[in-house]
Every structure is written in C-alpha cells, then in structure tokens.
Amino acid sequence: MSDGAILFILICVIIILLFIVLYQQFIYTKGIQAKLKKITRELSDIVESDSDQKVMVFTDNKTLMDLSGQINRLLQDRQKIKSDFRKQEISSKKMLSNISHDIKTPLTVILGYLEIMRLNNADDETLQKVEAKAGQVMELINQFFTLAKLEAGDMNIEISRINISESCRESILGFYDILCGKDFIVDISIPENDIFVQGEKAAIDRILSNLISNAVRYGSDGKYIGLTLRENEDYVYIDVTDKGKGIEKEFALNVFERLYTMEDSRNRRIQGNGLGLTIAKNLANQLGGDILLDSEPNVKTTFTVKLRKFKY
C-alpha cells in the first residue's frame, strides 16, 4: 500500500474520531441543557404555586447534583421563613384581639359614667362632646376587635340559608331617616321572588351596613344611592351604588387595605379609620364570596358583594 493511501486512511480515521468526539460533546451538552430547563421549570412551578416541594433531578453529573442541592437548601430556608412569618402573624393578630378586648372593658365603664354625668347635666355641651368622642373611640375599638378576630380566625361564622332579599330590604330601611334627611334619591331593585344565599345573617348585615354607610358618607355629593340584587346560576350579586366623587383607578386596589386612607385634597372619599371596607371584604371572604369595586370618578361608584347562591 502506497504512502498516499496510508495517509488518506489516517486522515479519514482522524476525521471519524473527531466527529465522534464532537457528537458526544453535543449529546452531553444537550442533556445538560435539558436537565437545566427541567430544573428551571420545576423551580418556576414551585415559586408560582407557593408550594413546599423540592426540585427533583436524576443525574450522575456532580455539578448538576450540587446545583439542585443548593437550590433545595434555599427552598427549605424559604419555607422556614414563611412558616415563622405565619406564626408571628397569627400571634400578632391574637395579641391585637386581646388588647382590643382589654381596652373595651374600661372604656365601657367610662362611657357609663359619662352618660350618668350627662343625664345630671343635660345642658353641658363640653360633656356632650366628650361623650361623643368617647363613643367614636369605642366604635373604633369595636372595629379593631372585629377585624383582629377575623384575621386571627377566631370569628365563629356558621353558614346557613339566608334570605338575601329580606336582608337587603332591612339594610336599606335602616338608613331611611338618614337618606331622607340628606335628600338622597334612593333607587332599589330587588326581585319580588325571594333569593337565598349561603351565609350568616349578622355577617351579611354588617357587610351591607358598612357599604351603605360608606356610600352615604362619601357619595353625598351625588345625592343618590342605588341597591340592586341580581343572580346567576351560582352566585348572587348586590350592587351598592352612589354618584359622588368616586375613586381614582390608582387608589381602587388599595381601598380594602387595613387602615388605608386617601389624603388627596381633590378627592377625600376614603378617610376616617379605614376599617369599614376591610371588615366588609374579610367577612365576604369568610362567607366564600368577595367584594368588587368599579368606579368612574364623578359619574358612578359601585361596590358589588358576591355571595354563593344557596342550592336546594
């Protein structure tokens, strides 16, 4: 065999070996990329679902095993932080509930003495003002107490069959004198046939009272309040509408936050102690429902209570 043929065969062998090495490198790299994508996908699913799972990767690659091990350590630390936060949050809410209860007792006694003093001094305007302010403090404490119990899971709410048509009528009638005194136009739309929801009477009455009170207080510029009851196959909706200044879109997502107030001089709709809407939404959530907001400033503002329909 000539030297040229031998050289040609050697070159061919070298090329084949080089091709095999490159192919193996390609397969190896592709396998590593596939496992990295799997790790990324699993990690993304864990974060989005907020679950306590770990990243599971089966490989003999030491680098990938070390990487997955470090990721799982971070996930474990994250779970511990979440658990500690939940414990602290529950503890803080229970502490707030206990403090609110402890404050209510002496304040009730103070209000009792103030009432006796006022009865003995009916013309004392200063005493009347003090009693009124003490009453406001008591109302604020009561709202703190209610919210703290709700958030701590200590509120005993028993779900039963509730006639929501009757509850809506009773709630709006409770504000009859106030609405007449403020010359409100009242627009009520409640179907003649009774509609029933899954709920609790006291909780639903509190929700409706808070929303109607909010509409009367902060929607008074429009001199209008509407209450509409409607239903579909699964849910019942109660719309409480006013035509006041409304709520700008940038504030709409915050109005249900605890102690949220809006100090915009052009629009002072959300003010006061900032607990009424928070309590209403928490109660609705406890009943398996929700409260939604749709507002077009200076045109119409509607808070919608969504409750599960009672099915026979």
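Helices (H or I, at least four residues) and strands (E, at least two) are DSSP runs, numbered from the N terminus. The model is predicted, so local features are reported only at pLDDT of at least 70 and side-chain atom pairs count only at pLDDT 80 or more, whereas totals for chains, interfaces and linings use all residues. Residues are numbered from 1 along each chain as its sequence is written, and side-chain values use heavy atoms, with hydrogens and water left out.

**Strand β1**

Ile162 belongs to strand β1 (residues 160–163). Because its relative accessibility is 8%, Ile162 counts as buried, a class that means under 20% relative accessible area, with exposed over 50% and partly exposed in between (1.4 Å probe, protein chains only). Residues up to four places away in sequence being left aside, Ile162 touches Ser167, Ile195, Phe196, Val197, Gly199, Glu200, Lys201 and Ile204, where contact means heavy atoms within 4.5 Å.

**Helices α6 and α8**

The axes of helix α6 (residues 201–218) and α8 come within 9 Å and cross at roughly 145°; axes are lines fitted to C-alpha atoms, for helices over the stretch in contact, with angles running from 0 to 180 degrees between N-to-C directions. On the α6 side, Ala203, Arg206, Ile207, Asn210, Leu211 and Asn214 meet Gly276, Leu277, Ile279, Ala280, Leu283 and Ala284 of α8. The residues of this contact divide into eight nonpolar, three polar and one charged, where Ala, Val, Leu, Ile, Met, Phe, Trp, Tyr, Cys and Pro count as nonpolar, Asp, Glu, Lys and Arg as charged, and the others, Gly among them, as polar.

**Aromatic rings**

Rings of Phe, Tyr and Trp (its six-membered ring) pair if their centres lie within 6.5 Å, and planes under 30 degrees apart count as stacked, over 60 as edge-to-face and the rest as tilted. By this rule the count comes to two aromatic pairs.

| Pair | Centre to centre | Angle between planes | Class |
|---|---|---|---|
| Tyr235 and Tyr237 | 6.5 Å | 50° | tilted |
| Phe256 and Phe303 | 6.0 Å | 90° | edge-to-face |

The Phe256 and Phe303 pair links distant parts of the chain, with Phe256 in the loop between α7 (249–252) and α8 (276–286) and Phe303, 47 residues apart from it, in strand β7 (residues 300–308). Both Phe256 and Phe303 are buried, and Tyr237 also counts as buried, at 16% relative accessibility.

The charged end of Lys281 sits over the ring of Phe256, 4.6 Å from its centre, a placement that requires NZ of Lys or CZ of Arg within 6 Å of the ring centre and within 35 degrees of the ring normal. Lys306 lies over the face of Tyr235, at 4.3 Å from the ring centre.
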